[in-house]
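Hi,

Here is the structure I promised to pass on to you. Have a look at it first, and then read on for what turned up.

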Amino acid sequence: MFRVIANQMIVPNVHLITLRAPAVAREAKPGQFVILRAEEEGERIPLSLSDWDAASGTVTVVFLNIGSTTSRLASLQAGVDIPTVVGPLGNATDIEKYGTVMCICGCYGIGSIYRIAKALKEVGNRVITIMEARSSYLFYWEERLSSVCDEVIQITRDGTRGYRGHVHKLPDILKDLDEPVDRIIVNGCTFLLKRVADVTRSSGIKTMVSLNPIMIDGTGMCGVCRVTVGSTTRFACVHGPDFDAHEVDWEELLQRRKTYMAEEVVPLRTSRCEERHFQMQEQSRE
Ligand SMILES: Cc1cc2nc3c(=O)[nH]c(=O)nc-3n(C[C@H](O)[C@H](O)[C@H](O)COP(=O)(O)OP(=O)(O)OC[C@H]3O[C@@H](n4cnc5c(N)ncnc54)[C@H](O)[C@@H]3O)c2cc1C
Ligand code: FES
């Protein structure tokens, strides 16, 4: 069993959970992920490792409360145990001295890019991070990222901080930087990854994205995380999750991610109803 050490909502709908998982913490590398179950009868979901500490045997993940399992995970109190934390899974992000590296992140990717940016800095890169969000109140870990990056730039869709708009602002940012960027690494939701791929395709800057297709076993056995990269079939769990953004078949990926949408709504409705039922029971006891 894996103990929940801390669990909190850090900005609306984004949660940070720290779990005791010593074997994972000992082996973890930037860019890897875990598969966990929030309860005995629950489904397995993949979540990227945002941080870890081998000495205390803990791992931290940042997640978006989006469906039934993440909703259950968000409700767990410190001190309870969960049945499964498997990992570290997937290949670590390639960390080399490239020169200037731009790390682009949004939503849960702000958390998962932190150790990648830190590792890139440690091997001597100049690291520029671009954080993107709908509004400035959705940013978190700015200080943490600033402490490991040479520069942190923000983009908000409502213009409350930094550049106004979305990652289509990237050409403007690259122009304002007035220095060559040797590599771009992107973590976050599929739309962010695809948008960056579209924007950087013509620039010729090597762009790596951490893909998040549906996964089940995470070990290359079930085939559900199949993606097409450069006309080759790849399993994101064992060949990725990082791939060349300009070679990914984005339409196929977006389509496959929707495969179980109808089924995903049913447990979500049931779990929200159960939650409400328990709340009402508690209230009637009081
Ligand atoms: C390698 C990898 C790393 C990820 N890292 C993070 C992370 O750090 N933080 C975070 O918030 N999310 C991350 N995700 C996405 C996360 O796994 C899904 O949001 C989660 O599974 C949703 O489960 P749910 O039951 O709460 O929602 P559901 O209602 O079941 O699904 C909501 C959405 O999540 C996707 N999803 C559902 N089940 C899976 C699954 N088994 N695998 C992948 N996607 C699924 C569906 O496409 C759907 O659109 C990652 C996905 C992958 C593949
Ligand atoms: S999750 Fe089953 S093969 Fe990748």
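Let's start with a salt bridge: Lys-121 pairs with Asp-150, and their closest N and O atoms are 2.9 Å apart. Keep in mind that this is a predicted model. Lys-121 sits in helix H4 (residues 114-122) and Asp-150 in the loop between helix H5 (142-148) and strand S11 (151-156), so the bridge ties together parts that are 29 residues apart in sequence. Lys-121 counts as partly exposed at 33% relative accessibility, and Asp-150 is also partly exposed, at 36%.

Another one links Asp-81 to Arg-3, with 2.8 Å between the closest N and O atoms. Here Asp-81 belongs to strand S7 (residues 81-82) and Arg-3 to strand S1 (residues 2-11), so parts 78 residues apart in sequence are tied together. Asp-81 is partly exposed, with a relative accessibility of 32%, and Arg-3 is partly exposed at 40%.

Then there is Asp-198, whose side chain meets that of Arg-201 in a salt bridge (3.2 Å, N to O). Partly exposed is the label for Asp-198, at 37% relative accessibility, and for Arg-201, at 39%. Elsewhere, Asp-51, Arg-115 and Arg-144 are joined into one network by salt bridges that share partners.

Now for the helices. Helix H7 (residues 190-200) and helix H9 (residues 250-257) have axes that come within 11 Å and cross at roughly 175 degrees. An angle over 145 degrees counts as roughly antiparallel, so that is how H7 runs relative to H9. On the H7 side, the residues in contact are Thr-190, Phe-191, Leu-193, Lys-194 and Ala-197; on the H9 side, they are Trp-250, Glu-251, Leu-253, Leu-254 and Arg-257. Sorted by type, the residues of this contact are six nonpolar, one polar and three charged.

What about the inside? In soluble globular proteins, nonpolar side chains tend to be buried together. The largest nonpolar core in this model has 34 residues, and the members that touch the most others are Met-102, Ile-104, Leu-211 and Trp-250. H7 supplies the largest share of this core, with four residues. Apart from it lies another core, of 26 residues, including Val-14, Cys-103, Cys-105 and Met-131.

Leaving out residues up to four places away in sequence, Leu-211 touches Leu-193, Val-227, Pro-241, Phe-243, Val-248, Trp-250 and Leu-253.

You'll find Pro-241 in the loop between helix H8 (236-239) and strand S17 (242-244). The bond from Gly-87 to Pro-88 is cis as well, with omega near 0 degrees, and Pro-88 is placed in strand S8 (residues 84-89).

Last, some backbone angles. Most residues other than glycine have a negative phi, and most peptide bonds are trans. Asn-13, though, has a positive phi, near 75 degrees; Asn-13 lies in the loop between S1 and strand S2 (14-20) and is partly exposed at 35% relative accessibility. Ser-231 has a positive phi too, near 65 degrees. Its place is the loop between strand S15 (226-229) and strand S16 (232-235), and Ser-231 counts as exposed, at 75% relative accessibility.

Cheers

Key: Residues numbered from 1 in each chain as written. Chains lettered and ligands numbered in written order. Predicted model: local features only at pLDDT ≥ 70, side-chain atom pairs only at ≥ 80, totals over all residues. Heavy atoms only, no water. Axes fitted to C-alpha atoms, helices over the stretch in contact; angles between N-to-C directions. Helix = DSSP H or I, 4+ residues; strand = E, 2+ residues; numbered from the N terminus. Parallel < 35°, antiparallel > 145°, perpendicular 65-115°, else oblique. Contact = heavy atoms within 4.5 Å. Nonpolar A, V, L, I, M, F, W, Y, C, P; charged D, E, K, R; others polar. Core = buried A, V, L, I, M, F, W, Y, C linked by side-chain atoms within 4.5 Å. Buried < 20%, exposed > 50% of the residue type's maximum accessible area, 1.4 Å probe, protein only. Salt bridge = Lys/Arg side-chain N within 4 Å of Asp/Glu carboxyl O.
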